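Dear colleague,

Please find the structure below for your review. My notes on its sheet and helix packing follow.

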Amino acid sequence: MISGTLAGSNYDAWYTCFVQPKPIASRVRDLNPSPTLAITARAATMRASGLDVISFAAGEPDFRTPLPIIEAAHEAMLAGFTKYTSGSGIMELREVVADKFRRENGIETSADRVVITCGAKHALVNAILTLVEPGDEVIIIAPYWMSYSEQVMLAGGIPVLVQCTPESGFVPDPQEVAAAVTPKTKAMMICSPNNPTGAVWPKQVIQEIAQIASTNGIWLISDEVYEKLIYEGVHYSPAGLDPEFADCTITIGSCSKTFAMTGWRIGYMTGPKHVMTKIACTQDTISHPTSFAQKAAIKAFEMGDSFIQEVLPEFRTRRDLMHSLVNQIPGVSASLPQGAFYVMANVSNLLSGKCSTVDELAEILLQEAHVALIPGSVFSAKGFLRLSYATNREQIERGIGRMNEALQRLTV
């Protein structure tokens with residue numbers, strides 16, 4: 001029994017001082033915030049304080065969402081389409097996405113095997129939470145988008161990295177992938193065109209990796225959000241190469257990059273029906289996409305490739321410009337990316353006593369040159385910096401110029 005002196009507010013004060021709350025869940029204890037979002041936010045804060053900060057950090061096209069897409073959302077809102085929708089997305093959009101998968105990716109699917117999500121990140125975590133149990137291993141091809149490993153750990157899984165090298169063009173060796181498979185392997189995550197490297201994997205490599213997954217009963221999670229951003233090479237969906245691969249593959253796409261709809265948060269996914277049914281249940285416990293954003297996505301798909309074909313030449317020009325300028329910086333080199341909108345700059349020759357890690361180098365460039373970029377360490381690419389060329393040419397020229405000057409001062 002609590003004594004009178006500890007009753008009421010006195011007891012509350014005693015409890016607060018001497019009794020600590022229960023610990024947070026172990027599944028989130030080791031999770032880290034997104035470095036990309038953190039650095040982008042810091043750049044925005046510095047700009048708000050009056051500093052001229054150039055950002056090569058976020059993977060976000062600087063183009064405006066096409067007007068017909070905006071108008072479709074506006075019309076939907078005016079018509080009262082502002083209520084909850086089905087947890088898996090409205091049937092009209094699911095049918096449009098299923099048709100897209102069949103027509104463009106060669107994946108035989110249907111609307112009841114499609115789930116519309118709040119962006120591709122939502123689709124990825126839905127897949128991981130549905131498939132991965134504590135102790136399961138998930139193979140991730142590195143360099144990789146940092147959220148992959150965090151999502152695996154959120155589910156209690158164990159990320160297992162298979163490293164790609166600049167010498168291979170950041171394309172994985174299927175034999176090394178096969179060697180990483182163990183009895184505990186539950187899934188594998190792949191991304192082509194790749195973030196952060198911009199590599200477009202050859203058909204043969206994708207086939208061999210998909211065969212490894214199929215032969216070993218492993219789920220293959222294929223992140224294809226950059227499928228339309230290709231300058232050399234061809235995009236291949238593993239689920240579209242063979243029905244055998246489709247039986248073990250979850251294919252994920254997004255409106256964000258293709259239609260400059262990052263803030264609209266519309267992603268989509270397909271896979272075997274029994275898995276998609278459970279993924280829909282997973283999504284029902286979290287949230288589903290905004291009603292009028294789904295109507296906007298329908299308009300986006302109706303537009304087809306008109307917008308991406310309009311902006312792709314500009315992205316290519318920016319890529320060539322950034323690649324050329326980066327390679328003119330003494331001690332820095334970069335291979336030519338085939339897709340996405342990132343350049344991986346090898347700065348390992350500049351790391352010394354003054355600045356021994358890419359994390360320190362990225363911090364110096366932000367503070368002294370007012371250039372924001374992402375250290376390769378967060379992608380398992382030590383010695384590299386990732387620069388996004390999803391910004392205009394003038395910013396690219398000024399930003400790389402500042403980098404050059406700052407790096408020269410650093411190495412003197």
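Ile-139 stands opposite Met-188 in strand 5. The model is predicted, so to speak of local features a pLDDT of at least 70 is needed, side-chain atom pairs count only at pLDDT 80 or more, and totals for chains, interfaces and linings use all residues. Residues are numbered from 1 along each chain as its sequence is written, and side-chain values use heavy atoms, with hydrogens and water left out.

The sheet

Strand 3 (residues 137-142) and strand 5 (residues 185-191) pair in the parallel sense over four bridges; two strands are taken to pair if DSSP finds at least two bridges between them. Helices (H or I, at least four residues) and strands (E, at least two) are DSSP runs, numbered from the N terminus. The open sheet has seven strands in the order 2-8-7-6-5-3-4, and its pairing is mixed. Strand 2 (114-117) and strand 4 (158-163) are the edge strands, each pairing on one side only. From one strand to the next, the twist averages 20°.

Helices on the sheet

Helix 6 (residues 120-131) lies across strand 2, strand 5, strand 6 (219-223), strand 7 (249-254) and strand 8 (267-270), and runs at about 160° to strand 7. Helix 7 (residues 147-154) lies across strand 3, strand 4, strand 5 and strand 6, at about 160° to strand 5. Axes are lines fitted to C-alpha atoms, for helices over the stretch in contact, and angles run from 0 to 180 degrees between N-to-C directions. Contact means heavy atoms within 4.5 Å.

Helix 13 and its partners

The axes of helix 5 (residues 91-105) and helix 13 (residues 291-303) come within 9 Å and cross at roughly 30°. Glu-92, Leu-93, Val-96, Val-97 and Lys-100 of helix 5 make the contact with Gln-294, Lys-295, Ala-297, Ile-298 and Phe-301 of helix 13. These residues divide into six nonpolar, one polar and three charged (Ala, Val, Leu, Ile, Met, Phe, Trp, Tyr, Cys and Pro are nonpolar; Asp, Glu, Lys and Arg are charged; the others, Gly among them, are polar).

Helix 4 (residues 67-78) packs on helix 13 at an angle of about 145°, with the axes 8 Å apart. The contact of helix 4 with helix 13 has 10 nonpolar, no polar and two charged residues.

Yours sincerely
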